[in-house]
Amino acid sequence: MRDFQRHHVATLLQRLAEPPNRIIAMFGPRQTGKTTIIKQALRQTQLRGLYLAVDDPVPSSVPESLFLTDPAAITGPMQPTRDAQWLVHHWESARRKAAEAENGYVLAIDEIQKIPDWSETVKGLWDADRASASRLHVVILGSAPLLMQSGLSESLAGRYEYLRVMHWSFREMADAFGFDLPAYAYFGGYPGAAPLRHDQQRWRDYVLGALVEPNIELDILAMQRVDKPVLLKRLFELGAEYSGQFLSYNKMLGQLQDAGNTTTLARYLELLSSAGLLAGLSKYASHAHRRRASSPKLNVLNTALMTAGSGYSFAEAQADRSFWGRIVESAAGAHLINTATPDIAVHYWRDAGREVDFVLQRGSRVVAIEVKGGPKSGSQSGMDEFSRQFKPQRSQLVGSDQGMPLSEFLSVPAAEWFESS
């Protein structure tokens, strides 16, 4: 793991080698390695730079070991309040460093969404830099995607390009931690939890207490207005339990204790999806209103979220063919959702008992994917009927003797299914 690098490091280095014409916005779910990526890139770039964490409790005058390439960049008294003034102070300091440096300078600000009105402040500073042709590169990181996207789209339109960091893939977990396919399906793609997998109770406690709880408390409840926080938490638990299955909003309400309505549940499901926890896939249909009215198919975005609270040990999960089949299907769905580019939508299809697990849509083109991970009936008839009705660009069976091996499927990003076959 020590020397492992996600592909985002190379992408970030490439961006830093270009003139600083746009802010680099790197965001995604908690515990996916964003901080490690920026630190690895700063160690390798020829530019000098500074990494700042908004939520770091240390004072601004800190030991040299905490900085990557410029330990003397910031001195001064303790500043426990990280507000717009704090941001301006450090930005102007980095701006002076950029003017003095031969090739420019890098300022990386982690968890920037925790600074009140951060996007308006960044807009003013960045526009001033462009007017003066500053050579300051700026990288902003955040683990609350919905808030990051809102601030970027509302205040910084045209001024940034984003680098999306999602959950770790099977190939990454295999290369970094030696996971085989069953281990990845059960333990998922959290690098921080991987070393604990040999002590399964400790692993479960870590996933539920150190990953799920902060995701909900810090990235959703602390950043968004949620009138019924208990309902949101129970919705996540229900979604993790039913991952890989269809569940109408009315049935969800019947299983949740807190009162609510279908509109509230739909919004909370969107919040959980934005935080990288749980998605509700809509049914593929020719007309948008039919998709919106459909019952969602629930899918965790990291299978650890499904298995940690299931009560099954690794061996017990494999022994239950039905449950293991849902884990495998959820792993495939999470892979498609996590690797889909913004122009690709992930749906399911179901009609009169016939179904297709996943339908990728890019404009007018569609790709049908069926996953065989356990006992399931009617799958081939579903693919045949879907092909008859919608004429997909491609149809792919995964995980059976006649289809693509699951390990190979989990190495193919969603966009590649639209390339010419």
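A crossing of two helices is called right-handed if the near helix is turned clockwise from the far one by less than a right angle, and left-handed if anticlockwise. In this predicted model, helix 3 passes helix 4 in a right-handed crossing. Helix 3 contributes Ala-84, Leu-87, Val-88, Trp-91 and Arg-95 to the contact, and helix 4 contributes Trp-118, Thr-121, Val-122, Leu-125, Trp-126, Ala-128 and Asp-129. Sorted by class, these residues comprise 9 nonpolar, 1 polar and 2 charged.

Two packed helices are described by the angle between their axes and the distance between the axes. For helix 3, which spans residues 84-100, and helix 4, which spans residues 118-131, the angle is about 25° and the axes lie 10 Å apart. Angles under 35 degrees count as roughly parallel, and helix 3 and helix 4 are therefore roughly parallel to each other.

Is Asn-215 buried or exposed? Its relative accessibility is 2%, and Asn-215 therefore counts as buried, the limit for that class being under 20%. The side chain of Asn-215 reaches the backbone oxygen of Leu-211 at 3.0 Å. When neighbours within four places in sequence are set aside, Asn-215 is in contact with Arg-30, Ile-220, Ala-275 and Leu-277.

Finally, the protein chain may be considered as a whole. It has 17 helices and 11 strands. Of its 421 residues, 53% are buried. Among contacts between residues at least 6 apart in sequence, 69% join residues at least 24 apart.

Conventions
Residues numbered from 1 in each chain as written. Predicted model: local features only at pLDDT ≥ 70, side-chain atom pairs only at ≥ 80, totals over all residues. Heavy atoms only, no water. Axes fitted to C-alpha atoms, helices over the stretch in contact; angles between N-to-C directions. Helix = DSSP H or I, 4+ residues; strand = E, 2+ residues; numbered from the N terminus. Parallel < 35°, antiparallel > 145°, perpendicular 65-115°, else oblique. Contact = heavy atoms within 4.5 Å. Nonpolar A, V, L, I, M, F, W, Y, C, P; charged D, E, K, R; others polar. Buried < 20%, exposed > 50% of the residue type's maximum accessible area, 1.4 Å probe, protein only. Polar contact = N/O pair within 3.5 Å; in protein donor to acceptor, adjacent residues only side chain to side chain.
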